[in-house]
Amino acid sequence: MSKKRGLSLDEKREKMLQIFYDSQDFFLLKELEKSGPKKGVISQSVKDVIQSLVDDDLVFKDKIGTSVYFWSLPSTAGNQLRNVYSRLESDLKSSKKRHAELIDQCNALKKGREDSDERDEALAELKAIELKHNELKDEVAQYADNDPAAFEAMKKEIEVAHSAANRWTDNIFTVRQWCANNFPQAKEQLENLYNEIGITEDFDYLEMAPVPLSSAGD
(Lines give C-alpha, C1' and ligand atoms only; values in the text may rest on other atoms or scores of the structure.)
Protein backbone atom coordinates (compact mmCIF):
# COMPACT_ATOMS: atom_id res chain seq x y z
CA MET A 1 0.00 0.00 0.00
CA SER A 2 1.47 3.38 -1.04
CA LYS A 3 2.31 5.94 1.59
CA LYS A 4 -0.09 8.92 1.79
CA ARG A 5 1.41 12.11 0.38
CA GLY A 6 1.88 14.94 2.86
CA LEU A 7 0.39 18.37 2.32
CA SER A 8 2.40 21.00 0.48
CA LEU A 9 3.00 24.41 2.08
CA ASP A 10 0.30 25.99 -0.09
CA GLU A 11 -2.18 23.31 0.97
CA LYS A 12 -1.28 23.78 4.64
CA ARG A 13 -1.74 27.55 4.32
CA GLU A 14 -5.15 27.05 2.72
CA LYS A 15 -6.23 24.59 5.44
CA MET A 16 -5.20 26.94 8.23
CA LEU A 17 -6.89 29.90 6.57
CA GLN A 18 -10.09 27.87 6.37
CA ILE A 19 -10.04 27.46 10.17
CA PHE A 20 -10.16 31.25 10.53
CA TYR A 21 -12.78 31.71 7.81
CA ASP A 22 -15.10 29.02 9.16
CA SER A 23 -15.10 30.35 12.74
CA GLN A 24 -14.33 34.07 12.17
CA ASP A 25 -12.90 34.00 15.70
CA PHE A 26 -9.65 34.81 17.51
CA PHE A 27 -7.17 32.02 18.31
CA LEU A 28 -4.15 31.45 20.51
CA LEU A 29 -1.27 29.58 18.88
CA LYS A 30 -1.87 26.52 21.09
CA GLU A 31 -5.50 26.45 19.95
CA LEU A 32 -4.41 26.52 16.32
CA GLU A 33 -1.92 23.71 17.02
CA LYS A 34 -4.86 21.63 18.28
CA SER A 35 -7.13 22.54 15.35
CA GLY A 36 -4.48 22.04 12.66
CA PRO A 37 -4.38 18.21 12.79
CA LYS A 38 -8.15 18.12 12.25
CA LYS A 39 -7.46 19.74 8.88
CA GLY A 40 -4.50 17.49 8.11
CA VAL A 41 -1.79 19.92 9.27
CA ILE A 42 0.49 18.40 11.91
CA SER A 43 0.80 20.48 15.07
CA GLN A 44 4.60 20.79 14.73
CA SER A 45 4.27 22.73 11.47
CA VAL A 46 1.34 24.96 12.47
CA LYS A 47 3.56 27.72 13.94
CA ASP A 48 5.64 28.09 10.76
CA VAL A 49 2.56 28.00 8.52
CA ILE A 50 0.81 30.69 10.59
CA GLN A 51 3.94 32.85 10.59
CA SER A 52 4.15 32.66 6.78
CA LEU A 53 0.51 33.82 6.58
CA VAL A 54 1.25 36.68 9.00
CA ASP A 55 4.30 37.69 6.92
CA ASP A 56 2.07 37.89 3.83
CA ASP A 57 -0.70 39.87 5.63
CA LEU A 58 -3.24 37.06 5.20
CA VAL A 59 -3.44 36.52 8.98
CA PHE A 60 -3.09 39.21 11.63
CA LYS A 61 -1.89 38.98 15.22
CA ASP A 62 -2.38 41.22 18.24
CA LYS A 63 -0.97 41.04 21.76
CA ILE A 64 -3.63 41.39 24.44
CA GLY A 65 -2.11 41.36 27.90
CA THR A 66 0.41 38.54 27.93
CA SER A 67 -1.30 36.53 25.17
CA VAL A 68 -0.91 36.79 21.39
CA TYR A 69 -4.09 36.26 19.37
CA PHE A 70 -4.32 35.46 15.65
CA TRP A 71 -7.27 36.28 13.41
CA SER A 72 -8.34 36.57 9.78
CA LEU A 73 -11.57 37.15 7.86
CA PRO A 74 -12.66 35.98 4.39
CA SER A 75 -12.48 39.57 3.19
CA THR A 76 -8.76 39.67 4.04
CA ALA A 77 -7.80 37.54 1.03
CA GLY A 78 -9.92 39.64 -1.30
CA ASN A 79 -8.44 42.84 0.08
CA GLN A 80 -4.94 41.42 -0.39
CA LEU A 81 -5.64 40.72 -4.07
CA ARG A 82 -7.15 44.17 -4.54
CA ASN A 83 -4.11 45.77 -2.87
CA VAL A 84 -1.77 43.93 -5.23
CA TYR A 85 -3.87 45.05 -8.20
CA SER A 86 -3.93 48.66 -6.97
CA ARG A 87 -0.17 48.68 -6.49
CA LEU A 88 0.43 47.26 -9.96
CA GLU A 89 -2.02 49.76 -11.46
CA SER A 90 -0.21 52.63 -9.69
CA ASP A 91 3.16 51.39 -10.97
CA LEU A 92 1.75 51.21 -14.50
CA LYS A 93 0.45 54.79 -14.32
CA SER A 94 3.82 56.00 -13.05
CA SER A 95 5.61 54.18 -15.88
CA LYS A 96 3.27 55.70 -18.49
CA LYS A 97 3.83 59.16 -17.03
CA ARG A 98 7.61 58.70 -17.04
CA HIS A 99 7.46 57.44 -20.63
CA ALA A 100 5.58 60.54 -21.73
CA GLU A 101 8.10 62.77 -19.93
CA LEU A 102 11.01 61.07 -21.67
CA ILE A 103 9.36 61.51 -25.07
CA ASP A 104 8.91 65.21 -24.37
CA GLN A 105 12.56 65.51 -23.30
CA CYS A 106 13.69 63.67 -26.42
CA ASN A 107 11.69 65.99 -28.67
CA ALA A 108 13.08 69.04 -26.86
CA LEU A 109 16.66 67.81 -27.26
CA LYS A 110 16.20 67.35 -31.01
CA LYS A 111 15.62 71.08 -31.49
CA GLY A 112 18.71 72.99 -32.67
CA ARG A 113 20.56 69.83 -33.71
CA GLU A 114 20.34 70.20 -37.46
CA ASP A 115 23.16 68.68 -39.56
CA SER A 116 26.33 70.77 -40.06
CA ASP A 117 30.09 70.20 -40.58
CA GLU A 118 30.83 71.21 -36.99
CA ARG A 119 28.16 68.86 -35.67
CA ASP A 120 29.47 65.95 -37.77
CA GLU A 121 33.00 66.50 -36.44
CA ALA A 122 31.74 66.68 -32.86
CA LEU A 123 29.74 63.49 -33.33
CA ALA A 124 32.77 61.67 -34.78
CA GLU A 125 34.87 62.75 -31.81
CA LEU A 126 32.13 61.68 -29.41
CA LYS A 127 31.93 58.27 -31.08
CA ALA A 128 35.69 57.78 -30.70
CA ILE A 129 35.49 58.70 -27.02
CA GLU A 130 32.59 56.28 -26.52
CA LEU A 131 34.55 53.46 -28.16
CA LYS A 132 37.51 54.11 -25.86
CA HIS A 133 35.19 54.26 -22.87
CA ASN A 134 33.64 50.91 -23.78
CA GLU A 135 37.07 49.32 -24.15
CA LEU A 136 38.07 50.49 -20.69
CA LYS A 137 34.75 49.42 -19.23
CA ASP A 138 35.14 45.91 -20.70
CA GLU A 139 38.63 45.69 -19.24
CA VAL A 140 37.39 46.69 -15.79
CA ALA A 141 34.50 44.20 -16.08
CA GLN A 142 36.96 41.36 -16.60
CA TYR A 143 38.43 42.06 -13.18
CA ALA A 144 35.02 42.54 -11.57
CA ASP A 145 33.81 39.20 -12.91
CA ASN A 146 36.66 37.50 -11.08
CA ASP A 147 35.95 39.17 -7.74
CA PRO A 148 34.54 36.43 -5.41
CA ALA A 149 32.96 38.98 -3.08
CA ALA A 150 31.11 40.69 -5.94
CA PHE A 151 30.02 37.31 -7.27
CA GLU A 152 28.64 36.18 -3.89
CA ALA A 153 26.84 39.50 -3.39
CA MET A 154 25.23 39.14 -6.80
CA LYS A 155 24.13 35.57 -6.01
CA LYS A 156 22.52 36.68 -2.74
CA GLU A 157 20.67 39.53 -4.43
CA ILE A 158 19.34 37.14 -7.07
CA GLU A 159 18.22 34.63 -4.44
CA VAL A 160 16.42 37.30 -2.38
CA ALA A 161 14.61 38.67 -5.45
CA HIS A 162 13.72 35.14 -6.62
CA SER A 163 12.37 34.15 -3.19
CA ALA A 164 10.29 37.34 -2.87
CA ALA A 165 8.77 36.90 -6.34
CA ASN A 166 7.78 33.29 -5.68
CA ARG A 167 6.36 34.14 -2.26
CA TRP A 168 3.99 36.61 -3.91
CA THR A 169 3.18 33.89 -6.43
CA ASP A 170 2.29 31.65 -3.45
CA ASN A 171 -0.01 34.37 -2.12
CA ILE A 172 -1.81 34.73 -5.43
CA PHE A 173 -2.28 30.96 -5.84
CA THR A 174 -3.62 30.74 -2.28
CA VAL A 175 -6.13 33.54 -2.92
CA ARG A 176 -7.20 31.99 -6.24
CA GLN A 177 -7.74 28.59 -4.65
CA TRP A 178 -9.75 30.07 -1.82
CA CYS A 179 -11.93 32.03 -4.25
CA ALA A 180 -12.45 28.92 -6.39
CA ASN A 181 -13.50 26.87 -3.34
CA ASN A 182 -15.83 29.48 -1.86
CA PHE A 183 -17.27 31.08 -5.02
CA PRO A 184 -17.56 28.29 -7.64
CA GLN A 185 -20.56 30.04 -9.17
CA ALA A 186 -18.39 33.08 -9.98
CA LYS A 187 -15.70 31.14 -11.83
CA GLU A 188 -16.12 33.06 -15.12
CA GLN A 189 -16.11 36.48 -13.43
CA LEU A 190 -13.02 35.56 -11.41
CA GLU A 191 -11.18 34.38 -14.53
CA ASN A 192 -11.99 37.70 -16.24
CA LEU A 193 -10.64 39.56 -13.19
CA TYR A 194 -7.42 37.50 -13.20
CA ASN A 195 -6.89 38.20 -16.92
CA GLU A 196 -7.48 41.92 -16.43
CA ILE A 197 -4.73 42.15 -13.81
CA GLY A 198 -2.29 39.99 -15.75
CA ILE A 199 -2.77 36.61 -14.00
CA THR A 200 -3.09 34.49 -17.15
CA GLU A 201 -2.89 30.72 -17.76
CA ASP A 202 0.90 30.83 -18.13
CA PHE A 203 1.33 32.58 -14.75
CA ASP A 204 3.69 30.39 -12.69
CA TYR A 205 6.63 30.35 -10.30
CA LEU A 206 9.94 31.78 -11.48
CA GLU A 207 12.72 29.31 -12.09
CA MET A 208 16.21 30.46 -11.15
CA ALA A 209 18.84 29.41 -13.67
CA PRO A 210 22.09 28.10 -12.13
CA VAL A 211 24.93 30.62 -12.01
CA PRO A 212 28.02 29.34 -13.91
CA LEU A 213 30.79 28.49 -11.47
CA SER A 214 33.35 30.03 -13.79
CA SER A 215 31.93 33.44 -13.02
CA ALA A 216 33.49 33.28 -9.57
CA GLY A 217 36.94 33.57 -11.08
CA ASP A 218 39.73 31.10 -11.77
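This is a short tour of the model, stop by stop, from the whole chain to single residues.

**Before you start.** The model is predicted: local features need pLDDT of at least 70, side-chain atom pairs count only at pLDDT 80 or more, and totals for chains, interfaces and linings use all residues. Residues are numbered from 1 along each chain as its sequence is written, and side-chain values use heavy atoms, with hydrogens and water left out.

**Whole chain.** Show the cartoon. Helices (H or I, at least four residues) and strands (E, at least two) are DSSP runs, numbered from the N terminus. Along the sequence they follow the pattern α-β-α-α-β-β-α-α-α-α. The chain exposes about 16,200 Å², by the Shrake-Rupley method with a 1.4 Å probe, where for residues only the protein chains shown count as cover. Carbon and sulfur atoms supply 54% of that area. Of the 218 residues, 22% count as buried. Buried means under 20% relative accessible area, exposed over 50%, and partly exposed in between (1.4 Å probe, protein chains only). Contacts are heavy atoms within 4.5 Å. Among those between residues at least 6 apart in sequence, 66% join residues at least 24 apart.

**Helix α1.** Select residues 9-23. The 15 residues of α1 should span 21 Å, and the end C-alpha atoms are 22 Å apart, which agrees. The expected span is 1.5 Å times one less than the number of residues. Colour the buried residues of α1: K12, R13, E14, M16, L17, Q18, I19, F20 and Y21. Stop at Q18. Why does Q18 count as buried? Because its relative accessibility is 17%. Leaving aside residues up to four places away in sequence, Q18 touches K39, W178 and N182. Then step off the end of the helix to Q24. Its phi is positive, near 50 degrees.

**The sheet.** Select the three strands. They form an open sheet in the order β1-β3-β2, with antiparallel pairing. Two strands pair if DSSP finds at least two bridges between them. Strands of a sheet pair through backbone hydrogen bonds, either parallel or antiparallel. The edge strands are β1 (27-28) and β2 (60-64), and each pairs on one side only. Next, zoom in on β2 and β3 (67-71), which run antiparallel and are joined by five bridges. D62 stands opposite Y69. K63 has V68 as its bridge partner.

**Aromatic rings.** Show the side chains of F26, F60 and W71, which form one aromatic cluster. Rings of Phe, Tyr and Trp (its six-membered ring) pair if their centres lie within 6.5 Å; planes under 30 degrees apart count as stacked, over 60 as edge-to-face and the rest as tilted. How many aromatic pairs are there by this rule? The count comes to three. F26 and W71 make a tilted pair, 6.1 Å centre to centre, with 50 degrees between the planes. F26 lies in the loop between α1 and β1 and W71 in strand β3, so the pair ties together parts that are 45 residues apart in sequence. Finish with accessibility. F26 is partly exposed, at 46% relative accessible area. W71 also counts as partly exposed, at 24%.
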